[in-house]
Amino acid sequence: MSINPCGKPDQQDFEELVKQMQDKWNLYGMAKTTIATYSSHLRKFLYHFNRNPATITQHDIEQYILPYTEPSTREQIKSVIAKFYKDIMGSPRKTQHIPKTKAVHKLPVILSPEEIEKVISNISYLKQRAAIRYAYSCALRSSEIINTKIAHINKFNRTVHIVHAKGARDRIIPIPVKTLELLRQHVRENFKPPYNGEHYLFSGANGLDDDYSAGSLQKVLKRACAKAGILKKITLHKIRHSRATHLYNAGMDIHNLSKFLGHKTIKTTQLYLHTGVENLMDDMDAADKIISERMANNKPADKLKVA
């Protein structure tokens with residue numbers, strides 16, 4: 001689409017540009033939720049300048065992304081803008097000299113297994129309780145929860161087929177026995193004939209063909225945390241982080257954990273080497289016990305060897 005450089009583009013022009021970019025993202029095979037997020041970023045960018053995108057300079061773009069202080073958000077917005085200029089505007093060099101924001105490696109906030117159980121026990125509605133239990137037990141992303149269909153659950157071998165997950169990668173993972181029982185109870189009590197395997201496991205307000213929204217699930221989780229007296233700011237993704245940490249602490253092999261989570265590389269999974277403190281705590285407690293025993297035997301502490 002061409003915009004007259006002398007004329008001021010209108011809303012229709014901007015929406016057409018967003019539509020063209022959405023078509024490209026669809027061709028890339030991106031998830032609906034990702035396209036929605038990226039479209040929001042692009043729309044805000046275009047409406048912010050409210051002029052022909054061809055006249056926006058690198059300096060303009062730098063000044064636009066500067067207020068976004070979270071490195072990952074800033075890099076995501078820059079990536080969206082770069083794709084737009086490369087694929088739609090034919091200007092691949094527009095953003096190439098903008099400095100990359102140094103990533104800040106923050107450890108995720110997690111809940112203990114006891115806190116998780118306390119949260120879930122404070123959800124009274126069966127469908128919602130089953131959804132949060134399913135999210136935790138299988139360490140799922142929000143899009144994976146809401147996109148699960150009844151046919152994806154195999155009750156005979158106790159697995160779920162996660163279809164078209166992040167990066168367009170499918171995977172099959174096990175479901176804990178108690179979670180599967182809760183899911184089957186949910187289907188028995190909340191699904192009335194006629195329904196089939198293509199219906200969403202957690203349907204929305206508009207019927208069996210409508211998926212439950214991630215925003216609705218997040219509200220359920222927020223209310224349950226408040227009832228349970230959990231003061232931490234917990235999201236669905238932090239529930240996923242919590243499960244991964246609990247599995248790692250319990251001895252799950254890092255390679256199996258990576259497959260379970262659907263990570264592209266094991267480097268992503270290695271985050272949980274830092275969140276899992278139980279082994280570190282055990283080693284520290286054992287060392288403290290030796291130190292105390294040596295002090296009790298009047299052995300000089302300065303002779304203790306530290307590797």
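Me: Is Ala139 buried or exposed?

Reply: In this predicted model, Ala139 has a relative accessibility of 0%, and because buried means under 20%, the residue counts as buried. Ala139 sits in the loop between α6 (126-137) and α7 (142-146).

Me: What is the phi of Ala139?

Reply: Most residues other than glycine have a negative phi. Ala139, although not a glycine, has a positive phi of about 50°. A further case is Asn50, with a positive phi near 55°, which is found in the loop between α2 (32-49) and α3 (58-65). Asn50 counts as partly exposed, at 29% relative accessibility.

Me: Which residues touch the most other members of the largest nonpolar core?

Reply: That core has 50 residues, and Tyr134 and Phe202 are the ones that touch the most other members. At least two residues each are supplied by α5 (113-121), α6, α7, β2, α8 (177-190), α9 (214-227), α10 (236-249) and α11 (254-261), with the largest share, seven residues, coming from α6. Leaving aside neighbours within four places in sequence, Tyr134 is in contact with residues including Ala139, Ile145, Val160, Leu183 and Phe202. A second, separate core of 22 residues includes Leu46, Tyr64, Ile77 and Tyr85.

Me: How should I read the sheet, and what is the order of its strands?

Reply: Strands of a sheet pair through backbone hydrogen bonds, either parallel or antiparallel. Here the sheet is open, with three strands in the order β1-β2-β3 and antiparallel pairing. The edge strands, each pairing on one side only, are β1 (153-154) and β3 (171-174). Between β1 and β2 (residues 159-162) the antiparallel pairing runs over two bridges, and Asn154 has Thr159 in β2 as its bridge partner.

Me: At what angle do the axes of α1 and α4 cross?

Reply: The axes of α1 (residues 11-28) and α4 (residues 71-87) come within 11 Å and cross at roughly 100°. Since angles of 65 to 115 degrees count as roughly perpendicular, α1 is therefore roughly perpendicular to α4.

Me: Which residues of α1 and α4 meet?

Reply: From α1 come Leu17, Met21, Lys24, Trp25 and Tyr28, which meet Val80, Lys83, Phe84 and Asp87 of α4. By class, the residues of this contact divide into six nonpolar, three charged and no polar.

Key: Residues numbered from 1 in each chain as written. Predicted model: local features only at pLDDT ≥ 70, side-chain atom pairs only at ≥ 80, totals over all residues. Heavy atoms only, no water. Pairing = 2+ DSSP bridges. Helix = DSSP H or I, 4+ residues; strand = E, 2+ residues; numbered from the N terminus. Axes fitted to C-alpha atoms, helices over the stretch in contact; angles between N-to-C directions. Parallel < 35°, antiparallel > 145°, perpendicular 65-115°, else oblique. Contact = heavy atoms within 4.5 Å. Nonpolar A, V, L, I, M, F, W, Y, C, P; charged D, E, K, R; others polar. Buried < 20%, exposed > 50% of the residue type's maximum accessible area, 1.4 Å probe, protein only. Core = buried A, V, L, I, M, F, W, Y, C linked by side-chain atoms within 4.5 Å.
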